[in-house]
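User: I have a chain open on my screen and would like to go through it with you. Could we start with how the helices pack?

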Amino acid sequence: MSATGPAAAFAAGPRLREAALHGSLRPGLPDLPQEIPGALDSVVTSDGALIVRSLQRAADLIPDPTGLVYERLFSLHPHMEPLFIRDTNGSVRGEMLAKVFEIILDLVADRRYAANMIRCEVVTHAGYGVPADVFWTFFDVLSEVIGEQLGDDWTAETEGAWARLLLNVRALPR
Ligand code: HEM
């Protein structure tokens, strides 16, 4: 059965999965210091592998996490729920979540488009009525939901990798 919705981000990324399993994301790059506030490069090879593995494990456990993610988002930011008024069948929510997964996979690997896309989406979302400080919390919500689902598999190393990713996403040039 082929993956749909957010799970499709994984189905589309066999190379990433392969790289994660063999610990060879971004081969050839030296290990960089783990914490450089403001520098995307602090998401290093090992962090990328941990993040991809956690996404992969989450996809195995919850093929469609859309409900859980938005439930958490709306409990933290109830005033965001009415903004999805036009999303009568949940497809926009699913599509947005899938895009965020793809962005994360790009950030921890090739970094071909994620930074630009995020910069554009912050502006587009301001137009929807999503303040920038709320926009960033989507990534936090995602990591929390994944952490909860992974249980014991959410190790200190994985949590650290996600924490550095979240720091770096926020530090992207605006
Ligand atoms: C709490 C944070 C966020 C809120 C409240 C939010 C809200 C929304 C809303 C209301 C829409 C639908 C707009 C419409 O009526 O057409 C939307 C669409 C979208 N959002 Fe977000 N957003 C958030 C974070 C993000 C992030 C972090 C990204 C990616 C960087 C993102 C990417 C998208 C994309 C790509 C769409 C269009 C989906 C489609 O194809 O229909 N959003 N968002």
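Analyst: Phe139, Asp140, Ser143 and Gly147 of helix 8 meet Glu159, Trp162, Leu166 and Val169 of helix 9. Two residues are in contact if their C-beta atoms, placed from the backbone, lie within 7 Å. Helices (H or I, at least four residues) and strands (E, at least two) are DSSP runs, numbered from the N terminus. This is a predicted model: local features need pLDDT of at least 70, side-chain atom pairs count only at pLDDT 80 or more, and totals for chains, interfaces and linings use all residues. Residues are numbered from 1 along each chain as its sequence is written.

User: At what angle do the axes of helix 8 and helix 9 cross?

Analyst: They cross at roughly 170° and come within 10 Å. This makes helix 8 roughly antiparallel to helix 9. Axes are lines fitted to C-alpha atoms, for helices over the stretch in contact, and angles run from 0 to 180 degrees between N-to-C directions. Angles under 35 degrees count as roughly parallel, over 145 as roughly antiparallel, 65 to 115 as roughly perpendicular and the rest as oblique.

User: And how do helix 5 and helix 6 pack?

Analyst: Their axes are 9 Å apart, at an angle of about 140°, and helix 5 and helix 6 are therefore oblique to each other. Ile103, Asp106 and Leu107 from helix 5 meet Ala114, Met117 and Ile118 from helix 6. The residues of this contact divide into five nonpolar, no polar and one charged.

User: Which residues of helix 4 meet helix 5?

Analyst: Thr66, Val69 and Tyr70 in helix 4 do, and they meet Arg93, Gly94 and Leu97 in helix 5. By class, there are three nonpolar, two polar and one charged residues in the contact of helix 4 with helix 5. The angle is about 95°, with the axes 10 Å apart, so helix 4 and helix 5 are roughly perpendicular to each other.

User: Stepping back, how many helices and strands are there in the chain?

Analyst: The chain has nine helices and zero strands. Among contacts between residues at least 6 apart in sequence, 72% join residues at least 24 apart.

User: How much of the chain counts as buried?

Analyst: Of its 174 residues, 29% do. A residue is buried if 20 or more other C-beta atoms lie within 10 Å of its own, exposed if 12 or fewer, and partly exposed in between, with C-beta atoms placed from the backbone.

User: Which residues have the most contacts inside the largest nonpolar core?

Analyst: Ile51, Phe101, Ile104 and Val108 do, in a core of 29 residues. Helix 3 (45-61), helix 4 (66-76), helix 5, helix 6, helix 8 and helix 9 (156-170) each give two or more residues to this core. A nonpolar core is a set of buried Ala, Val, Leu, Ile, Met, Phe, Trp, Tyr and Cys residues joined through C-beta atoms within 7 Å.

User: Now the ligand. Which residues come nearest?

Analyst: Met80, Leu83, Glu95, Met96 and Phe138 come nearest, out of 20 residues around the ligand. A residue is near a molecule if its C-beta atom, placed from the backbone, lies within 6 Å of it.

User: Which element gives the most to that shell?

Analyst: Helix 5 does, with six residues. The shell around the ligand divides into 14 nonpolar, two polar and four charged residues.

User: Where is arginine 111 found, and what is its phi?

Analyst: Arginine 111 is found in the loop between helix 5 and helix 6. Its phi is positive, about 55°, although arginine 111 is not a glycine. Most residues other than glycine have a negative phi. Arginine 111 counts as partly exposed because it has 14 C-beta neighbours inside 10 Å.

User: Is alanine 109 buried or exposed?

Analyst: Alanine 109 counts as buried, because 22 C-beta neighbours lie inside 10 Å. Alanine 109 is also in the loop between helix 5 and helix 6. Its C-alpha atom is separated by 9.5 Å from that of valine 52, 57 residues apart along the chain.

User: And cysteine 120, buried or exposed?

Analyst: Cysteine 120, in helix 6, is exposed, with 11 other C-beta atoms within 10 Å.

Note on methods: Ala, Val, Leu, Ile, Met, Phe, Trp, Tyr, Cys and Pro count as nonpolar, Asp, Glu, Lys and Arg as charged, and the others, Gly among them, as polar.
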